[in-house]
Amino acid sequence: MTRVYNFSAGPACLPEWVLTKAASEMLDAHNSGMSVMEMSHRSSEFQDIIDTCKARLKRLMNIPDEYEILFLQGGASLQFTMIPLNLEKHNVDLINTGQWTKKALKEHKKLGKVNVVASSEEDNFTYIPKIKQEDLSEDSDYVYICENNTIYGTKYKELPPHEGKLLVADLSSCILSERTDVSKYDLIFAGAQKNMGPAGLTVVIIKKDLIGLADEKTPSMLNYKTYADNDSMFNTPPTYSIYICGLVLEWLETQIGGLENMEKINRKKAKLLYDYIDASKLYSNPVVPEDRSYTNVPFVTSDKNLDTKFVKEAKEAGIVNIKGHRTVGGMRASIYNAMPLEGVEALIAFMKKFEEENY
Ligand code: PMP
């Protein structure tokens, strides 16, 4: 068996501890004589899996009691529609930091008024625009941000001012990578496939008093209340994704020791890589240093052909899915929780060798 170092932006690598445990439970999970994939979502075994998963998430992220945790489907993208449908008033102040806020903008516009408060598009989203309270519109109900921009490798280090307004944030590519003060947000959402588990599961963490505000004509499957009232099991939930997410959370608690430790490891990984890129003559990272992401690190050489050669040779060396997003080009190393420090060290060793051979 040869495992590669998988730098995919998502679906992304999972901790080997999780995969091994899932494999060992493939034929007989929780003494049920069957795989979790074969279990009824109404069984007591699955009820225990989903309850434990939720409890672990609440504990790890220190989620206050006033918040509800919902397990949904439809990807993070469905939230671009569900959020304006569910927040009764939907005049939004949106900060445009890339493709994922542009897609959110497109859907929000169908349902409410959207004001783009600031945008870094003119610089190909290489920084996070800083706004002031007075930049917000008087009649907006919430401020919408994408906290970590997977494609461009930018991240908010401080949340924008939003006095008198709700704060709604897409944490798809940074959730669980560091400590988060959930009480600063009104709604957090994230697709699971980067840092929480496999694709198919979307997690929403929402203030309880924001549930039940949707218009009564809202389709049941798009109403947060339906999921809140039915413990996320109004219909069949993505059972296997929830199970694996539960194992990832168990790994974070028992093997890593919680988010404070995870944050330390992630900072170390990111610093190693950025320091190397900044010191190198061949590679560069286009993002302004104070806005750099800890989980997605794009980098380029100055030559497109050399970038292509890099991606090809990296693959031969067991470093895969390192090609950058087509809108940015070059390379991107996604170094989520499950990417071990050794993976980042292996990448840097390969980058050094490639630099020596090609510069
Ligand atoms: N938001 C962010 C920040 C993302 O990176 C992605 C996916 N890469 C999405 C939203 C969309 O997620 P999904 O494919 O689950 O709809």
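View 1. UniProt, in an unreviewed entry, places the feature "domain: Aminotransferase class V" at residues 4-347; UniProt positions are given in the numbering used here, feature names are shortened, and annotations may be inferred rather than shown by experiment. Residues are numbered from 1 along each chain as its sequence is written. Because this is a predicted model, local features need pLDDT of at least 70 and side-chain atom pairs count only at pLDDT 80 or more, whereas totals for chains, interfaces and linings use all residues.

**View 2. The shell around the ligand.** The residues around the ligand are Gly-10, Gly-75, Ala-76, Ser-77, Trp-100, Cys-146, Thr-150, Asp-170, Ser-172, Ser-173 and Gly-191, a residue being near a molecule if its C-beta atom, placed from the backbone, lies within 6 Å of it. Helix 3 (residues 75-86) gives the most to this shell, with three residues. By class, the shell has three nonpolar, seven polar and one charged residues, where Ala, Val, Leu, Ile, Met, Phe, Trp, Tyr, Cys and Pro count as nonpolar, Asp, Glu, Lys and Arg as charged, and the others, Gly among them, as polar.

**View 3. Ala-76, Ser-77 and the recorded binding site.** The unreviewed UniProt entry places the feature "binding site" at Ala-76, Ser-77, Trp-100, Thr-150, Asp-170, Gln-193, Asn-235 and Thr-236. These positions span 161 residues in sequence, and their farthest two C-alpha atoms are 30.8 Å apart, so they do not all gather at one spot. Leaving aside neighbours within four places in sequence, Ala-76 is in contact with Asp-170, Ser-172, Phe-189, Ala-190, Gly-191 and Thr-202, contact meaning that the C-beta atoms of two residues, placed from the backbone, lie within 7 Å.

View 4. The domain assignment of the chain, which is automatic or from a database, gives domain 1 (16-255) and domain 2 (258-358). Their C-alpha centres lie 27 Å apart, and the contact takes 24 residues from domain 1 and 24 residues from domain 2. On the side of domain 1 that touches domain 2, strand 6 (148-149), strand 7 (154-155) and helix 6 (239-256) each supply at least two residues. That side has, by class, eight nonpolar, 10 polar and six charged residues.

**View 5. His-325 and its surroundings.** His-325 lies in the loop between strand 12 (319-320) and strand 13 (331-334), and is partly exposed, with 17 other C-beta atoms within 10 Å. Not counting residues up to four places away in sequence, His-325 touches Ile-151 and Arg-332. His-325 and Thr-150 are 175 residues apart in sequence, while their C-alpha atoms are 9.2 Å apart in space.

How values were computed:
Helix = DSSP H or I, 4+ residues; strand = E, 2+ residues; numbered from the N terminus. Buried ≥ 20, exposed ≤ 12 C-beta atoms within 10 Å, placed from the backbone.
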